[in-house]
Structures are given as structure tokens and as C-alpha cells.
Amino acid sequence: MPVLQVPGRPNTWAAVTETTTYLLSVEEGEEVKVVQWYWGPRLPVAALAEVTLQPARYHGTSFLDPDDIDELLPVDGGRRWGVPSLQATFEGGVRSVELAFERAVESDDELELVLRDAAHGLRVSLHLRCPEGGDVIERWVSVANEGAAAVRLHRLDSGSWVLPARPRHRYTGVYGGWAQETQLQRAELPVGETTFTSRTGTTSHKANPWIMVDAGDATEETGEVWTVALAWSGSWRLTAQRRPEGDVAISAGFGHEGPSWYLTPGDTLETPPALGLHTTGGYGTASRSWHEYARRHVLPHPGELRPVLYNSWEATWFEVTEAGQLDLARRAADLGVELFVVDDGWFGERTDDTRGLGDWWPNPDRFPQGLNGLFDAVRGLGMQAGLWVEPEMVNPDSDLYRKNPDWVLHYPGRRRDTMRNQLVLNFARDDVRAWAVGWLDPLVRDHGLVYLKWDMNRSFTQAGWPGEGERGDLLWIKHTRGVYAVMDELRRRNPGLRIESCSGGGGRVDLGILRRTDQVWTSDNTDARDRQAIQQGYSYLYPAGAMSCWVTDRANAITGRVVPLRYRFHVAMAGTLGIGGDLPEWTAEELAEARELVAAYKEVRHVVQHGRLHRLAGTPGVTASAVQYTLGAEVVVLAYHPYGYNGSVSGRLRLAGLDPDAVYEVVGGDGGPAVPEGSRWHGRTLMSHGLALPTWAPAGPDYRSELLALRRMTS
Ligand code: GLA
């Protein structure tokens, strides 16, 4: 959809998406401002010329009135006291940014507004793009130091988004930690500045760069929701400022307080895109719109089906041997697994986590003939081959570090703090990136790998880049871009390669990394009940097809919780299914059941991975809950009930997003007598009265779960 110049209104543009309008203009008074007038349900384009533009807030004449009302890029300068999206110090300690409007560069789906601080030669471009289809608006900022002196940027966000005043606002987002990523939180947005951030150098387990805001009245299915996400995999900051006047401005960008970006004359810097989305359809529609955007515009191969993988980590930990892996491969193939992945412990002297990271050749004791013996056997079993790597890391006890101690993030004269006995290689450096491509490319090519699990297991500390002087902080940006560049180059050279982003579990899940990876490791926590909450939070932004989920052992390795195999499978089948258990320990009955469940998943995975997701009901992992996926005429429901008795549930599950007048027939599943194959209902009945599912019955054993497949018969 286009970005239109509003007829009859100079310097005013409307970004028109499928269901929304975003209206902005350049206001040239004593001071130039780029103002957002409107962001909400779609306005008739023809009428825009007639509409009186009014700021969302009353702007009187009091000496207290700020000028940062409704700006796309409020700067630190002039009569502004809110959150600045751009903050700079120029030569001589001058801090007040003063921008003049130069020109607009327009194309069908993109607008660039060029502004300039003439006194110091800082060019600032605001970019806006409406990708085809959907309601997401992409915005980013690029700056160029065209002056004679250096400029230091303390904050350069991708821009600010303004939400109209309401009596109250509520935010939804996720927090977490290792093994408990993407925990949903929803709370009143107080008057003031609420900041969500990562200072780790990665996206982080503790927060994720997106927010949804509503007026306190949105539900899963109804209500206005404004949402902003940042497509970035390094440190970030998102500040939601609810102003005393009752409106909200959300500024989002890379970096965090402290590091600053030093631009010498001639330097340029571009932010990652911040993405805005408005809907009147509640959180569910917001999530589905994000999923659709990820499929259309982010994921590199959205049309593919992700294979069922086996990963040996929880089976062998660091005890990797060729014979052991081959034994696991045979058992995995027997279950219907399509991709066999050797995790950590296959390379260098890596027999535990104290050594070997950085030495990326097959461990000579464990694989004396190299890895191809194993991988040829894997292929002979009908599976494809994949490997775990952690390219950004090095153990001090490694040949790589002994040879190149300067390659890590460090400051001369400061400690080099390790975490998990490792240091971070500086991917901002050209030589480090060249080294990485230099071993990754042959590793993939020579072993016929179709998959890498790209891990990143620690946060930045002592993040110095000696030799770069004042520009050293830029490594916070350039490391992330360096990782992107290596992944992009690797994919370019190996078009068949697919990558899973992992960072000690789900520490690097975002719309930046998903542009060059195909799936993400959601969490190291594979406990089915804990996973349900993690997967629920994940689903707010990211699509199920990219969500990697494993079935592991009976007693979970992290929590010790014992959950029936079927329930574990049904939870992992809600995304892209994998198996990560110690298969020699599984009983013959468990293996037989697993074989059936893998086959059942393959029957429905196209609907799960590519369909429209509805979070149907309940608190996942706590109460009876269910998720539904719909693709064309096909509907798949996964229902869960972890507890035995719950008299307060109705026992009926209402479906969503169906054609009310069509008839739906049960065509598969393992629900039991209440929902035999061939049963038929109208869409309207399913949505308003619901299905009586055995899983949802108030009384029954713990950990009931089921998979149900329906098909639309007529409409
Ligand atoms: C991280 C990952 C795990 C596993 C280990 C290997 O913790 O999240 O899945 O790959 O590293 O060391």
C-alpha cells in the first residue's frame, strides 16, 4: 500500500495500510517539526484534504508548553522536555539540536524526509515504508555527519510513535530470564516514563523489544491496540512515555544509556527499523498481523515446512562420540525424524565448557576420520545433517585465543570477565568476520549441512574496542551488524543452509535475527508446562513456524517435572517439532507412541507452521487452555489441561476465526469418544457454543491433552 502526498496539503503525507492510516506532516514555524497527526482506523483518502489537522493534545500558550508534541523524532533541543529520540553533542559542547527541513524523497511505498542541522552539518533523514499487505509501518532514521567536526550521539532511536489520549493506558509485553523467557505481563501504564531495555549486547532473556498498548479495554478478540516492535538483535531501549495530558509516546531504538555513537566527519549511521501496527481487533489480531508480517517480509523461506529434528544435547551433553551419535541417529530415524543435529562437544578440545570454543575442527579423538562418516550414515538413514556452533565466542583455553587475544571485547588494563568460561569475539572487526566466514563456509559445504544452530551464550562485559578510540562504543551496533553480515554471507554461499538462532535458549529472538534465520530456540527449558507459558508469550509477536520446540525426557533435565509423553508432544507440536531426549532410555511403548505422534504432527504441521493462530482460552500451563491454527479449509486445535479437577471450567472449548455458515467436520485427532472422526458442526456453533472435549472436562487425570483436526466442508 502506498505512501500518499495528501492533495492540497503541502508537506503532508498519509501512509495507507490495509486497515489503518498514519498521517504526518512537516510543520515549518520558528522551528521545524515532523508531526504525527493520526494513527488509527483507515480514513477515506479523498476526505483527507478536507480534514482539519489538530495535534492530539491541546497546545496552548503557557510558558510550560513543550514543543515535543506528537513528533516523529523529538530531539534534545529547544522547548522539549520529554524523551528525546535524538540526542547529540556537537563541537564545543553544544547540545541543542535544531533541524531545518530540506526535502522529501517520495516513492510509491516509501518516504524520506531530509532534515539538517545546518550549523553543525548533521543530516537527519526520517524514513517511512509501508510494506505490501498488512498494517505494519516501518520507520527508521539515518544520519550523516557532513560537518567539519565530530558529533557524539547519545541516543538515536528509530523514532517515536504517538498514541492518542485515553483516560488510561495499559501495556502488554514480556519479561523473563534464562529458562523462563517471554513471560507475559500486562499492567497499567503509569504517567511517567516506563523503559524496557537490554544492556547485554543481545536481544536478552529479560525483555523483548516490543510493546502493545491499549486503553485498558482490549481483549483477545476486540479493541484498539497499538503496538511497536524493534527489528534488532543487540542492546535496545523502548520507552513508553504516558504524558500527564493522557497520551502516550513510544520511542524505540538500538543501544542503551551509557554507550554513545561518535561520528567523525563523513560518517553515517542508520538505525534498525521500528515497526508500528494498529488494529481494532484486540491482541489476537495484533499477533496474527505480526505473524503475517514476519511471513511476508521477514523470514527468508516462509513457504517451507520446517523438518522434525533430533538434537543430541540433552542425551549426551558433552559426551559426544561417533558411535553414540550414530546410535542416536538410528533411533531418531526410526521415529520419523528428518534432520539430525549434533550439539556442543564435537570440535577442538571441547570436552566440557571450559575449553575449545573457537577451535572449529572435529575433535581428533572423537572423530578421527572427521564428521563425514557420521553424516554420511545419517544421510543413509534418510535424514539430513546439522551442527551446533557458537561463532561469536572463545574460551581463553583455546588455540584461537592463544593466537589472537586481541580479538575479544576488552579494555586495556581492565579485567576480562568470563561467563561460562568464555569471552566475546568482536564481530565488529573485519578480521574476525573474515575468520568466521573462513571456517563456517567450508564447515557447511564440506559436510553437506542443511542446518546450523547458531548459539550465543553470554552477555557483553568490558565491551571495549581498543584502537578505535572515541568510536569504540560503536561496537555495540557493529557487532550485531557483523553477525548479520556473516550469516548473510554464509547463506549467500550456501543457499540450502537454514539457521536456528539460539542464545542460551531464547536470548536472541527478534525481527532482526529472523530476517536471516529460519527458526529460533525458544528456551532451554523444555518442561512442557513451563513451555506453555513461554510459548504463549512468544506467540504475541513471532510465528509458530519459527518456534523450535523439543520433546525431551520423562523427568525434565532442568525442572525434574515428570509429564506424560503425549502432553510433552502436544506442547512441542504447537511450533516446529523436535526431539531432544535420551532415546536409549525411552521404553518400547514410549518409542511407539512417539512414532505415532511424529506422524500425526507431519499430517498437520503445514497448518501449525503456516496457519493463523488463535489463542483460544485459559492460562497455558496453569488452567485448561488451547491454541487453534487455521489454514484455508483446515483447522487444527491443540488443547491442554494440566490439572485433574477444575469444577469452574465449562468443559466446552469455543473455536475462533471460522466461517460461521460453513460446516466443519472432524477429520483427525486423538480426542476420544466425544469428538469422533466424521462429527460435524456449523462454524457458528463451534464459535458460540464450542466443543465438549475430553481434555476440557472438569474432572479427569492430570495432563490431559489432545490434537483435533477439522476441515471446512461447505460454505
Ligand atoms: C546453550 C543452548 C543449549 C545447548 C548448549 C550447548 O545453553 O541453549 O541448547 O546448545 O548451549 O553448550
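**Close-up 1. Cys549 in strand S30.** Cys549 is a buried residue, its relative accessible area being 1%; buried denotes a relative accessible area under 20%, with a 1.4 Å probe and protein chains only. The residue belongs to strand S30, which covers residues 547–551; strands are DSSP runs of type E with at least two residues, and helices are runs of type H or I with at least four, both numbered from the N terminus. Between the C-alpha atoms of Cys549 and Asn525 the separation is 9.8 Å, and the two residues are 24 residues apart along the chain. The model is predicted: local features need pLDDT of at least 70 and side-chain atom pairs count only at pLDDT 80 or more, while totals for chains, interfaces and linings use all residues. Residues are numbered from 1 along each chain as its sequence is written, and side-chain values use heavy atoms, leaving out hydrogens and water.

**Close-up 2. Leu374 in helix H4.** Helix H4, residues 372–380, contains Leu374. Leu374 counts as buried because its relative accessibility is 1%. Computed along the sequence, Leu374 and Ala329 are 45 residues apart, and their C-alpha atoms are 9.0 Å apart in space.

Close-up 3. Thr182 is placed in the loop between strand S12 (170–175) and strand S13 (183–188). Its phi is near 45°, a positive value in a residue other than glycine, and Thr182 is buried at a relative accessible area of 10%. Ser204 is placed in the loop between strand S14 (192–198) and strand S15 (210–214). The phi of Ser204 is near 100°, likewise positive in a residue other than glycine; Ser204 is buried, with a relative accessible area of 5%.

**Close-up 4. The shell around the ligand.** The ligand is surrounded by 13 residues, the closest being Asp343, Asp344, Arg420, Lys453 and Asp524; a residue is near a molecule if one of its heavy atoms lies within 4 Å of it. By class, this shell has six charged, four nonpolar and three polar residues. Asp, Glu, Lys and Arg count as charged, Ala, Val, Leu, Ile, Met, Phe, Trp, Tyr, Cys and Pro as nonpolar, and the others, Gly among them, as polar.

**Close-up 5. Oxygen atoms of the ligand.** An N or O atom in the side chain of Trp388 is 3.0 Å from an oxygen atom of the ligand. For the side chain of Asp455, an N or O atom is also 3.0 Å from a ligand oxygen atom. From Gly505, a backbone N or O atom lies 3.0 Å from an oxygen atom of the ligand.

Methods
Polar contact = N/O pair within 3.5 Å; in protein donor to acceptor, adjacent residues only side chain to side chain. Buried < 20%, exposed > 50% of the residue type's maximum accessible area, 1.4 Å probe, protein only.
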